[in-house]
Amino acid sequence: MTTFNNRMKLEFMNKSENESFARVAVAAFISQLDPTIEELIEIKTALSEAVTNAIIHAYDTNEGIIILHCSIEDKTVEITIEDSGIGIEDINKAREPLFTSKPEQERSGMGFTVMETFVDEVNVHSVLGEGTKVFLKKTLNTDIA
């Protein structure tokens with residue numbers, strides 16, 4: 001059995017068009033694990049929600065940078081999406097299904113719920129005025145030759 005250990009880091013502006021860029025970059029990076037289509041879709045979906053949250057909420061209407069870290073160890077993919085934006089006042093409240101801090105934008109408030117559905121672990125660390133880190137972890141069931 002081959003052991004995979006690799007990591008990458010991307011920085012991009014909080015523009016909505018960069019959500020798809022992040023998704024494609026992570027999909028290409030984890031392709032070395034030969035994930036199933038289902039696993040790939042699950043990771044891309046969870047990642048999309050985390051990046052979209054950072055794009056919409058972190059900097060309000062200001063420009064800012066989102067940093068994405070992705071690492072692979074054996075069959076486990078770990079992704080961290082971080083910003084240095086406004087932070088989340090109440091993480092527990094933000095993780096509740098249907099909660100949104102931007103109801104005027106017709107947001108569903110399901111971002112964290114979607115993330116939790118598609119990956120094994122979701123952790124959130126946030127400090128008001130300093131930013132937020134969302135950590136996603138998923139172990140793939142694929143066989144590594």
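**Terms and values**

Modeller: Asp74 is partly exposed, because its relative accessibility of 36% falls between the limits of under 20% for buried and over 50% for exposed (1.4 Å probe, protein chains only). The model is predicted, so to speak of local features a pLDDT of at least 70 is needed, and side-chain atom pairs count only at pLDDT 80 or more, while totals for chains, interfaces and linings use all residues. Residues are numbered from 1 along each chain as its sequence is written, and side-chain values use heavy atoms, leaving out hydrogens and water.

Biologist: Where does Asp74 lie, and what is its phi?

Modeller: Asp74 belongs to the loop between β2 (65-73) and β3. Its phi is positive, about 55°, although Asp74 is not a glycine.

Biologist: Why is Asp34 called exposed?

Modeller: Asp34 has 58% relative accessibility and therefore counts as exposed. This residue sits in the loop between α1 and α2, and its phi, near 55°, is again a positive value in a residue other than glycine.

Biologist: Is Ser20 buried, partly exposed or exposed, and why?

Modeller: The relative accessible area of Ser20 is 31%, so Ser20 is partly exposed. Ser20 is part of helix α1.

Biologist: What makes a stretch a helix or a strand?

Modeller: Both are DSSP runs numbered from the N terminus: a helix is H or I over at least four residues, and a strand is E over at least two. The protein has four helices and five strands, in the order β-α-α-β-β-α-α-β-β along the sequence.

Biologist: How are two packed helices described?

Modeller: The description gives the angle between their axes and the distance between the axes. Axes are lines fitted to C-alpha atoms, for helices over the stretch in contact, with angles from 0 to 180 degrees between N-to-C directions. For α1 (residues 18-30) and α2 (residues 37-58), the axes come within 9 Å and cross at roughly 145°.

Biologist: Which residues of α1 and α2 meet?

Modeller: Contact means heavy atoms within 4.5 Å. On the α1 side, Glu19, Ala22, Arg23, Val26, Ala27 and Ile30 take part, and their partners in α2 include Leu40, Ile43, Leu47 and Val51. The residues of this contact divide into nine nonpolar, two polar and three charged. Here Ala, Val, Leu, Ile, Met, Phe, Trp, Tyr, Cys and Pro count as nonpolar, Asp, Glu, Lys and Arg as charged, and the others, Gly among them, as polar.

Biologist: What makes a space a cavity?

Modeller: On a 1 Å grid over the protein atoms alone, a cavity is a set of points where a 1.4 Å probe fits but cannot get out, and lining residues have an atom within 4 Å of a point. Points are joined across faces, edges and corners, and the volume is the space filled by probe spheres set on them. The count is one cavity of 30 Å³ or more, and the largest cavity holds about 40 Å³. Among its lining residues are Ile43, Leu47, Val77, Ile79 and Lys137. The lining comprises seven nonpolar, no polar and two charged residues.

Biologist: Which residues of helix α4 are buried?

Modeller: In α4 (residues 111-118), Gly111, Phe112, Thr113 and Met115 are buried. The buried residues of α4 pack against α2, α3 (91-94), β4 (121-127) and β5.

Key: On a 1 Å grid over the protein atoms alone, a cavity is a set of points where a 1.4 Å probe fits but cannot get out, and a pocket is an open set with protein on both sides within 12 Å along at least five of seven lines; lining residues have an atom within 4 Å of a point.
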